[in-house]
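Trainee: I am new to this structure. Please show me how to read it, one feature at a time.

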Amino acid sequence: MPNILLIRKAIVCTVLLMGMHYAGFSQQAIELTNVKIGKKKIIVSGHRVEFRFKEKPNLRLVGRIKAISDSGFTVGDATILFSELKAIGRRRKGTGFLAYMSGLMGTGIIISAFSNDDPCPDCIDTSSSDQNYTALEVGFGVTILTLGVINSLNNTSLDIEEKWRLAVIDQPVKK
């Protein structure tokens with residue numbers, strides 16, 4: 001009989017420890033849900049975000065989140081309330097440079113596909129400036145340009161007034 005009591009105590013302690021582990025090591029996170037399709041994006045402490053205020057919607061501010069509460073989040077020394085926000089979203093470093101370079105490269109490839117500045121028009125060569133490769137070069141340029149635009153759109157603030165719904169959730173810390 002004492003063994004059964006010891007096993008029960010061990011099971012109860014294990015369950016309690018598992019519950020305390022989750023509660024002790026969880027953090028609050030911002031969950032953005034698309035109103036139309038239900039797609040979810042999660043922002044946790046430590047993420048770099050871009051946000052805009054309702055009063056100045058054209059001013060884009062960027063910072064790293066230090067803490068998240070039910071009413072807002074802290075960036076640097078400032079506390080931003082969710083009620084003051086028009087938009088918020090992840091902003092990874094280097095996305096502006098990547099969008100700029102892919103736009104530059106894609107446009108350059110498209111322009112070079114249509115330009116006919118052959119230095120030796122009488123020479124017979126198999127260069128890519130021939131008419132057979134123009135569709136392939138334009139397609140390659142448009143692909144690079146599109147990838148830059150998609151990357152730029154994925155790393156910008158999302159409108160939480162009309163298109164996205166914001167909620168604060170508890171989430172376990174990722175290892």
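Mentor: Start with one term: contact means heavy atoms within 4.5 Å. Bear in mind that this is a predicted model.

Trainee: Leaving aside its neighbours within four places in sequence, which residues is Phe73 in contact with?

Mentor: Beyond those neighbours, Phe73 is in contact with Ile30, Val49, Phe51, Ile65, Ala67, Ile68, Ala78, Thr79, Ile80, Phe82, Leu85 and Ile88.

Trainee: What is the general idea behind a nonpolar core?

Mentor: In soluble globular proteins, nonpolar side chains tend to be buried together. Here the largest nonpolar core has 17 residues. Those that touch the most other members are Ile30, Leu32, Phe51, Ile65, Phe73, Leu85 and Ile88.

Trainee: Which elements give two or more residues to this core?

Mentor: They are strands S1 (26-34), S3 (48-53), S4 (61-68), S5 (72-75) and S7 (85-90). S3 supplies the largest share, three residues.

Trainee: How do I read aromatic pairs?

Mentor: Look at the ring centres, then at the angle between the planes. Planes over 60 degrees apart count as edge-to-face. The whole structure holds three aromatic pairs. In one of them, the rings of Phe51 and Phe73 have centres 5.6 Å apart and planes at 80°, so this pair is edge-to-face. Phe51 sits in strand S3 and Phe73 in strand S5, 22 residues apart, so the pair links distant parts of the chain. Both Phe51 and Phe73 are buried.

Trainee: How far apart are the ring centres of Phe73 and Phe82?

Mentor: Their centres are 5.9 Å apart and their planes lie at 40°, so that pair is tilted. Phe73 and Phe82 are both buried. Ring pairs join Phe51, Phe53, Phe73 and Phe82 into a cluster.

Trainee: Now a helix. What should I check on H3?

Mentor: Check the span, then the sides. H3 covers residues 134-154, 21 residues in all. From first C-alpha to last, H3 reaches 30 Å, close to the 30 Å expected.

Trainee: Which residues of H3 are buried?

Mentor: Thr134, Glu137, Gly141, Ile144, Gly148 and Asn151. They cover an arc of only 140° around the axis, which puts them on the same side of H3. These buried residues pack against helix H2 (95-114). The face turned away from them carries the exposed residues Ala135, Leu136, Leu147 and Leu153.

Trainee: How many helices and strands does the protein chain have?

Mentor: Three helices and nine strands. Along the sequence the pattern reads α-β-β-β-β-β-β-β-α-α-β-β. Of the 175 residues, 27% count as buried.

Methods
Residues are numbered from 1 along each chain as its sequence is written. This is a predicted model: local features need pLDDT of at least 70, side-chain atom pairs count only at pLDDT 80 or more; totals for chains, interfaces and linings use all residues. Side-chain values use heavy atoms; hydrogens and water are left out. Helices (H or I, at least four residues) and strands (E, at least two) are DSSP runs, numbered from the N terminus. The expected span of a helix is 1.5 Å times one less than its number of residues. Buried means under 20% relative accessible area, exposed over 50%, partly exposed in between (1.4 Å probe, protein chains only). The arc is that of the directions from the helix axis to the C-beta atoms. A nonpolar core is a set of buried Ala, Val, Leu, Ile, Met, Phe, Trp, Tyr and Cys residues joined through side-chain atoms within 4.5 Å. Rings of Phe, Tyr and Trp (its six-membered ring) pair if their centres lie within 6.5 Å; planes under 30 degrees apart count as stacked, over 60 as edge-to-face and the rest as tilted.
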